[in-house]
Amino acid sequence: MKNKVCMVTGANSGIGKVTALELARMGATVVMVCRNKEKGEKAAAEIVSSTGNKAVHLLIGDMSSQRDVLDVVKKFEDQFDSLHVLVNNAGGLVPRRELSVDGIEKTFAANHMGYFLLTNLLLSKLAKSAPSRIVNVSSSVHHYAKLDFENLQGEKKYGQFQAYSLSKLANVLFTYELARRMNGSGVTANCMEPGAVYTHFYGNSGAGLKVFSSLFGWAMRTPEKGAETVIYLAVSPEVDGVSGKYFKDKKAVRSSAVSSDPELSARLWKVSESLVKLS
Ligand SMILES: NC(=O)c1ccc[n+]([C@@H]2O[C@H](COP(=O)([O-])OP(=O)(O)OC[C@H]3O[C@@H](n4cnc5c(N)ncnc54)[C@H](OP(=O)(O)O)[C@@H]3O)[C@@H](O)[C@H]2O)c1
């Protein structure tokens, strides 16, 4: 991965941190995107010290804020001429309905709109750097999501699990539409599920999930295991040119029937565009 530039969001913790670490170990230039400067600096220093790779950079931004996403892209473009791998990973579960600074429900804003906006703002850079890859971290819970365009942001009814699973369904729909749009450009887009991984995700997701993970953490995957398929999709020659697929344990598998409906993907893309508040 020498001479390759890779961006990983949510890179200070869990799956994102392991991904950033392994990419750095392979010699890539790694750009970590984190929302908390202190946590980001600590993780970046750990990655540099354990890999010996000094080409580890940090950009700060909350992916639920469109202004922050734009600032991250501007700072990235000031420093780097190319981008070969983009891993959209930052995300979580928001226990109560809250709005982002842009007035968008926060789970949807960070987990879907963050991926959507960051990717679109970086697409020309990715295309210029082709062959290049986009990896979107989704979840098996997308299978349980109810897609109601009238309640996309929990306007009528909010449940933390419904909001989260919907955002992860949006990751899959977004990936498939993106892959269609980028067909022939040399930019591939795939998504994946990491399994149930013992990370801060559960500690940050409200009391119920915190208790669940403290009881069952021993049976869950390590972040290293959870990151395996992300890293595979980012670097493996086995997936050269493969695009528009959903992966589990390094194998392309079927995602839900709803996620595979191209009309829904196209509709979600349009709705997402309309939610971009940047002028
Ligand atoms: N753990 C699982 O079982 C599991 C299963 C399926 C899918 N996933 C997905 O895997 C991805 C990574 O989660 P993880 O399990 O590694 O959890 P994690 O350890 O909590 O890591 C999540 C990372 O995303 C960052 N983040 C969250 N919201 C953000 C925002 N608005 N802007 C910028 N960064 C943000 C977090 O930053 P802070 O440290 O500042 O909070 C952290 O760096 C998520 O997309 C999650 O949906 C996880």
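Mentor: Let us begin with strand 1, which is mostly covered: five of its five residues are buried. A residue is called buried if 20 or more other C-beta atoms lie within 10 Å of its own, exposed if 12 or fewer do, and partly exposed in between, with C-beta atoms placed from the backbone. Please bear in mind that this is a predicted model, in which local features need pLDDT of at least 70, side-chain atom pairs count only at pLDDT 80 or more, and totals for chains, interfaces and linings use all residues. Residues are numbered from 1 along each chain as its sequence is written.

Trainee: What makes a stretch of residues a strand or a helix?

Mentor: Both are DSSP runs, numbered from the N terminus: helices are H or I with at least four residues, and strands are E with at least two. By that rule the protein chain has nine helices and eight strands.

Trainee: Which way do the residues of strand 1 point?

Mentor: V5, M7 and T9 point one way, C6 and V8 point the other way, and all are buried. In a regular strand the side chains alternate between the two faces of the sheet.

Trainee: How many bridges join strand 1 to strand 4?

Mentor: Three bridges join strand 1 (residues 5–9) to strand 4 (residues 85–88), which also run parallel. In strand 4, M7 has L86 as its bridge partner.

Trainee: What is the order of the strands in the sheet?

Mentor: The open sheet of eight strands has the order 3-2-1-4-5-6-7-8, with mixed pairing. Strand 3 (56–60) and strand 8 (251–253) are called edge strands because each pairs on one side only. From one strand to the next, the twist averages 25°; axes are lines fitted to C-alpha atoms, for helices over the stretch in contact, and angles run from 0 to 180 degrees between N-to-C directions.

Trainee: Which strands does helix 4 touch?

Mentor: Helix 4 (residues 106–128) packs on the sheet and touches strand 1, strand 4, strand 5 (132–137) and strand 6 (187–193). The direction of helix 4 makes about 175° with that of strand 4. Contact here requires that the C-beta atoms of two residues, placed from the backbone, lie within 7 Å.

Trainee: Which residues does C6 touch?

Mentor: Leaving out residues up to four places away in sequence, C6 touches L23, A28, V30, V31, H84, V85 and A234. C6 is also among the residues that touch the most other members of the largest nonpolar core, which has 78 residues. Such a core is a set of buried Ala, Val, Leu, Ile, Met, Phe, Trp, Tyr and Cys residues joined through C-beta atoms within 7 Å.

Trainee: Why is N3 called exposed?

Mentor: N3 has 9 other C-beta atoms within 10 Å, and the limit for exposed is 12 or fewer, so the word applies. N3 is found in the segment before strand 1, and its phi is near 70°, a positive value in a residue other than glycine.

Trainee: Why does D249 count as partly exposed?

Mentor: D249 has 13 C-beta neighbours inside 10 Å; this lies between the limits of 12 and 20, so D249 is partly exposed. D249 is in the loop between strand 7 (246–248) and strand 8. Although it is not a glycine, D249 has a positive phi of about 45°.

Trainee: Why is G92 called buried?

Mentor: G92, in the loop between strand 4 and helix 4, has 21 C-beta neighbours inside 10 Å and therefore counts as buried. Of the 279 residues of the protein chain, 51% count as buried.

Trainee: How do you know that the radius of gyration agrees with that of a compact globule?

Mentor: The globule rule is 2.2 Å times the number of residues to the power 0.38, and the radius is taken over C-alpha atoms. With 279 residues, a compact globule would have a radius near 19 Å; the protein chain has 17 Å, which agrees.

How values were computed
Two strands pair if DSSP finds at least two bridges between them.
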